[in-house]
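Subject: A structure for you to look through

Hello,

I am handing over a structure that I have been reading through, and I would be glad if you opened it alongside this message. My notes follow below it.

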Amino acid sequence: MKHCLSILLITAAWLVSCEEGLDPVAGIEGVVRFPTDPLTGAVDFPDTLKGAVVVVAEFSPTYTAVDSFFAHIVATSAALDTTQADAPYYVQLAPGFYFVGVVGLTKPLAEILFMPLDSLAQHPEYFKPIGLYHLPESTLGISSIRVGEAEWLTAIDIDVDYGLELPF
């Protein structure tokens, strides 16, 4: 009987402490669209790239080169399935203003996964920009996004272009 009462009290205390629930999550999700072979419909992914991920960089109007963009990356998606024409992704983010892009990896993800971020910023040659998010109705090559507190943005879709020239 004493054990039952103890379990009941512990359970009640746990339920009261969980009353607030989980913290709300903020972030983005969308689809990365890879080019396909018009005859076979297979994804046309270059042999020179070892994979691809979505990267999110803090918004800054002062990017002057690819190096400065990569120095501001704050989050990445899981590796994209480069065998699918439409590869879904999601990235959890803190509230803020961001640029979102897709990079092809020139080294296997396993080799760079555990490298410190400051070390990765020193090696932009590991990454080849192949897509940038921009609003569908925009004529600009890139659009910033704002993620609010507990806001989950959907349809942040990105088309891959292997010949992409960054606008900064």
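In strand 7, I145 is the bridge partner of Y98, and strand 7 (residues 145-147) pairs with strand 5 in the antiparallel sense over 3 bridges. Here strands are DSSP runs of E with at least two residues, numbered from the N terminus, and two strands pair if DSSP finds at least two bridges between them.

Before going further, please keep in mind that this is a predicted model, in which local features need pLDDT of at least 70 and side-chain atom pairs count only at pLDDT 80 or more, while totals for chains, interfaces and linings use all residues. Residues are numbered from 1 along each chain as its sequence is written, and side-chain values use heavy atoms, with hydrogens and water left out.

Strand 5 also has other partners: strand 2 (residues 51-58) pairs with strand 5 in the antiparallel sense over 8 bridges, and V55 stands opposite G101 of strand 5. Strand 6 (residues 127-132) runs antiparallel to strand 5 and is joined to it by 5 bridges, with F127 in strand 6 as the bridge partner of L105.

How many residues of strand 5 are buried? Strand 5 (residues 96-105) is mostly covered, with 8 of its 10 residues buried, where buried means under 20% relative accessible area, exposed over 50%, and partly exposed in between (1.4 Å probe, protein chains only).

Y90, by contrast, lies in strand 4 (residues 86-92) and is exposed, because its relative accessible area is 58%.

Best wishes

Note on methods:
Helix = DSSP H or I, 4+ residues; strand = E, 2+ residues; numbered from the N terminus.
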